[in-house]
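Let me share what I looked up, step by step.

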Amino acid sequence: MKLEATKLQVFLYSFANMIDDIGIDDAVKKGEAILKELGGEKVDIVPLETTDESLINDLTLIEVTDEFIFIYQRKSSEILRFARNGKFLNKIGRKGQGPGEYTYIGGLQIDESKSEVYAITTANGVLVYGFEGTFKRQI
């Protein structure tokens, strides 16, 4: 069963706080119980690789696919792509006011079959990027 994105985001925030408060082992046990209540089946803990380029300071949106984890953070206006094993792969798009750039992203959609990220922006409609990070088109 697939969780609604909002429930998953709330769970991720709560789970991160539980780890800080009670430790990883107890947080996993408690997290599994909470996830079952939300309609999920199991908890996968994926430590995300920390590099100078992949520091997360404000997790605003998260999209998880079969192969990747995409994170948008509002403060730095960055979309980060990680492999499901947590390895940082690349940044996608960039903040700005030029062609293919965004000032704020209100939503993300992922089409894994086309290897495309759809950034729903407030000013430029939907901007489409390839998984490698390059701008493809505006919808």
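Here are my entries, from the whole chain down to single residues.

**Entry 1: the overall layout.** I noted at the start that this is a predicted model. I looked up the elements and found two helices and eight strands. Reading along the sequence, I wrote down the order as α-α-β-β-β-β-β-β-β-β.

Entry 2: How many of the residues count as buried? I found 39% of the 139 residues in the chain. For the accessible surface, I noted about 8300 Å², with 50% of that belonging to carbon and sulfur atoms. I also checked contacts between residues at least 6 apart in sequence: 34% of them join residues at least 24 apart.

**Entry 3: the largest nonpolar core.** This core has 15 residues, and I listed those that touch the most other members: F70, Y72, I79, Y102, I105, L108 and V117. Which elements give two or more residues to this core? I found β2 (68-73), β5 (105-111), β6 (116-121) and β7.

Beyond its neighbours within four places in sequence, L108 is in contact with L61, E63, Y72, I79, V117, Y118, A119 and I120.

There is also a second, separate core of six residues, and I62, I69, I71 and F88 are among them.

**Entry 4: the last two strands.** I saw that β7 (residues 126-130) pairs with β8 (residues 135-138) in the antiparallel sense, over three bridges. V128 stands opposite R137 in β8. The two strands, β7 and β8, form a hairpin with four residues between them. In the turn I found G133, with a positive phi of about 110°.

How values were computed: Residues numbered from 1 in each chain as written. Predicted model: local features only at pLDDT ≥ 70, side-chain atom pairs only at ≥ 80, totals over all residues. Heavy atoms only, no water. Buried < 20%, exposed > 50% of the residue type's maximum accessible area, 1.4 Å probe, protein only. Contact = heavy atoms within 4.5 Å. Areas by Shrake-Rupley, 256 points an atom, 1.4 Å probe, with all protein chains shown as cover. Pairing = 2+ DSSP bridges. Core = buried A, V, L, I, M, F, W, Y, C linked by side-chain atoms within 4.5 Å.
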